[in-house]
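Welcome, and please open your viewer for a short tour. We will go from stop to stop, selecting a few residues each time.

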Amino acid sequence: MDYARVLAMKIQDHSARIGVIGLGYVGLPLVLRFTEERFHVLGFDIDPVKVEKLNRGESYIKHIPGEKIRRLRDSGLFEATADYSRLSDADAIVICVPTPLDKNHGPDMSYIEITSDEIAKTLRGGQLVSLESTTYPGTTREILLPKFERGGLKAGKDFFLIFSPEREDPGNPVYNTKNIPKIVGGLTPRCRALGAALYGRIVDRVVAVSSPEAAEFAKILENTFRSVNIALVNELKMLAARMNVDIWEVIEGASSKPFGFMPFYPGPGLGGHCIPIDPFYLSWKAKELNFNTHFIELAGEINTNMPAYVVAKLGEALNSRGKCLKNARVLVLGIAYKKDIDDTRESPALEIIEHLYEKGAKVLYNDPFIPKIPKVRKHDLDLKSTPLSARLLKSIDAAMIITDHSAYDYDWIVEKAPLVIDTRNATRNVRTRRNRIVKA
Ligand SMILES: NC(=O)c1ccc[n+]([C@@H]2O[C@H](COP(=O)([O-])OP(=O)(O)OC[C@H]3O[C@@H](n4cnc5c(N)ncnc54)[C@H](O)[C@@H]3O)[C@@H](O)[C@H]2O)c1
């Protein structure tokens, strides 16, 4: 049988059944996009809570409204399951499982390994597998391919294998799954053509590259580019502070150059599932080739030091007011790793709270999106969000703006709090009592 032709026809007339493995920040928007285009989708997740919620029509991601999930359930096009034996029902399987770092700062490939083993058990002729999880160049060919070919099927002939990185930017009002161009790298030209055809049904523009390695590398280049440039402005922020120059003003000035410059902004440290982690997938792989990725290491070092730097700035500011960090009541504003989202993964706020505790400060926090700080591998903080009030702000020694959520009234915060450490330039439009603000 000509598997490629049959699959191409199924993709063409939208009768191809899609399996999405891992229904998190990446997988769930993808499910929605496929069903919007009338594809039948089976969603797989090992988390029974997620499976139950989806089948009840409920959302668990803040920026995906419950109404959308209700409509998804009512469409009859979607079902969530934890039963891997149903993978053979899918014509195209998309893998969106986590790729964190392990204890030694190396890639934790266990999620990809487990998922690929499960797919291999039921892999059949005519299936297309797309890996979307961010990973080092070589993963698709070195880890997935041997598992899939072990049973005798041949990639490019019997089944099709591609890498297509996800570029989801949660909460972005302009760019979404449909209008963000999608890179596709196939193991063979036929794999690439089928991958491009599949994604071409749900995104406005597919960018086909010659291999999975090129696609894997492209994704890490994008995130390394951000990490390195953020580290650069973080370093220059520290220098500018010594020179009594406002780095934000400097960046705004430089941004007026219409070519050859792109603004990046300093902050309290890197957060999220991607930028602090992905570059280390590449540096780990580079070591195999006896190659040192200097920029990645240096950027990592500078960005990792930012939480300690902003806490030191708080210490200096308190000191100049005749106070010290020990026993100071410090209110951390914003725990999410970026504004207006409910995600705390790798958030620098958690590291900052640990530093504050080490210095003997009493820590409170407020975040409209995070009622309680979830326990994660590195941090077990057991703190609940304190409601903001004038009384609270007057009772503290300092507030630290770590995440500049839109809901905050910065004029009011500066009016009521005795000292405000601003790591995001969130108080730029505050006109009165500016002597209470310290940029860090
Ligand atoms: N979140 C982003 O903005 C973003 C952007 C680009 C790329 N990525 C990459 O996409 C991948 C997924 O990230 P995410 O943010 O969606 O993670 P996530 O943690 O939100 O979701 C992953 C999901 O996979 C499930 N899962 C774990 N093991 C599984 C298994 N064996 N079988 C089935 N399900 C399993 C988890 O329960 C979870 O629901 C990662 O490689 C990440 O680096 C994420």
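Begin by selecting R433, which is partly exposed, with a relative accessible area of 39%. Keep in mind as you look around that this is a predicted model. R433 lies in the loop between β12 (420-422) and β13 (437-439). Its phi is positive, about 55°, although R433 is not a glycine.

Next, select H14, in the loop between α1 (3-12) and β1 (17-21). Phi of H14 is also positive, near 65°, in a residue other than glycine. Is H14 buried or exposed? H14 is buried, with a relative accessible area of 19%, because the cut-off for buried is under 20%.

Return to F34 and show what surrounds it. Beyond its neighbours within four places in sequence, F34 is in contact with I18, F39, V41, V94, L198 and I202.

For the last stop, display α2 together with helix α4 (residues 66-74). The two pack at an angle of about 50°, with their axes 11 Å apart, and are therefore oblique to each other. Their crossing is left-handed. Select L28, V31, L32, T35 and E36 in α2, and you will find them meeting K68, I69 and L72 in α4. The residues of this contact divide into 5 nonpolar, 1 polar and 2 charged.

Note on methods
Residues numbered from 1 in each chain as written. Predicted model: local features only at pLDDT ≥ 70, side-chain atom pairs only at ≥ 80, totals over all residues. Heavy atoms only, no water. Contact = heavy atoms within 4.5 Å. Axes fitted to C-alpha atoms, helices over the stretch in contact; angles between N-to-C directions. Helix = DSSP H or I, 4+ residues; strand = E, 2+ residues; numbered from the N terminus. Parallel < 35°, antiparallel > 145°, perpendicular 65-115°, else oblique. Left-handed = near helix turned anticlockwise from the far one by under 90°. Nonpolar A, V, L, I, M, F, W, Y, C, P; charged D, E, K, R; others polar. Buried < 20%, exposed > 50% of the residue type's maximum accessible area, 1.4 Å probe, protein only.
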